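The exercises below are meant to be worked with the model open beside the text.

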Amino acid sequence: MKKTLLPTVLLAALLAPVPALAQSSCASDGQPRPVALLERFINADCASCWSDPQAPAAQRGEVALDWIVPGGRGDDAPLSAAATRDSLARLQALGRDAPPQTDQARGRTVAKRTLRVAHGMPFNDYIGASIEMKPAARGRWTAWLALVETIPVGTEGTAVERNLVRNLLQVPWQTSRAPARLLESRPMLIAEGVRAERLRVIGWVEDAQGHIHGIAQSVCDAAR
């Protein structure tokens, strides 16, 4: 997970507008709630894996995430520009090793807690994003918020629509009481080469056993 120190003024500019912008621009408000998460992992060494027409597609009620895992060839790997070490953190959370080519994981929600995600507009290579569970429940939770670039079918050689993870926020939420809500708002760095108009966020919350209790994805006004 990336941790970058930002000047106080820039932090305020990014974080303060998120709720207001999200209401009118990019949020999960009014959207159908996904009930399952499909995660596709591709080793950066495997160029053909990206364009594989047999890649699993998201089913009804399911949202897909695409992770490019750093390969053995390092910066010489054909997909190295999109590789992120966040994928290794996610694989570790799932109890899986980095795949030699591809791997996939599917998880369904065991409970439908109300989850909201939102993001603001890009500003100086950052974008403000938030994830909220309301009402919250006592316990030990992990909130995951992925900044993704949605790449349509037939674009950049992919045979399936992809939500390529470009940055990741992983937040532990632990409470011995039931607060009105749990909320995290952060600036997220936009990776070089990303098309900002394709960006959105996908978030989910897991309990201490790794079970998913809610999934949400943002949709911008122009796409509604």
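**Exercise 1. Determine whether Ser 87 is buried or exposed, and describe its surroundings.**

Step 1. Ser 87 has a relative accessibility of 0% and therefore counts as buried, where buried means under 20% relative accessible area, exposed means over 50%, and partly exposed lies in between (1.4 Å probe, protein chains only). The model is a predicted one, in which local features need pLDDT of at least 70 and side-chain atom pairs count only at pLDDT 80 or more, while totals for chains, interfaces and linings use all residues. Residues are numbered from 1 along each chain as its sequence is written, and side-chain values use heavy atoms, with hydrogens and water left out.

Step 2. Ser 87 belongs to helix H4, residues 86-94; helices (H or I, at least four residues) and strands (E, at least two) are DSSP runs, numbered from the N terminus.

Step 3. The side chain of Ser 87 reaches two backbone oxygens, that of Thr 84 at 2.6 Å and that of Ile 68 at 3.4 Å.

Step 4. When residues up to four places away in sequence are not counted, Ser 87 touches Phe 41, Trp 67, Ile 68, Val 69 and Pro 70, contact meaning heavy atoms within 4.5 Å.

**Exercise 2. Find which strands stand at the edges of the open sheet of five strands.**

Step 1. The order of this open sheet is S9-S6-S5-S1-S12, and its pairing is antiparallel.

Step 2. Strand S9 (182-189) and strand S12 (219-220) each have a single partner strand and stand at the edges, so one side of each is left without a neighbour in the sheet.

Step 3. Strand S6 (residues 126-133) runs antiparallel to S9 and is joined to it by eight bridges; Ser 130 stands opposite Ser 185 in S9.

**Exercise 3. State how many salt bridges there are, and examine the burial of some of the residues that form them.**

Step 1. A salt bridge is a side-chain nitrogen of Lys or Arg within 4 Å of a carboxyl oxygen of Asp or Glu, and by this rule the count comes to 13.

Step 2. One of them joins Arg 90 and Glu 39, with an N to O distance of 2.8 Å. This pair links distant parts of the chain, since Arg 90 is in helix H4 and Glu 39 in strand S2, 51 residues apart. Both Arg 90 and Glu 39 are buried.

Step 3. Arg 96 and Asp 103 form another, their closest N and O atoms being 2.9 Å apart; Arg 96 is partly exposed at 32% relative accessible area, and Asp 103 is partly exposed at 25%.

Step 4. Glu 184 and Arg 186 also form a salt bridge, with closest N and O atoms 2.6 Å apart; Glu 184 is buried at 16% relative accessible area, whereas Arg 186 is partly exposed at 35%.

Key. A polar contact is a pair of N or O atoms within 3.5 Å; within protein, one must be able to donate a hydrogen and the other to accept it, and residues adjacent in sequence count only if both atoms are side-chain atoms. Two strands pair if DSSP finds at least two bridges between them.
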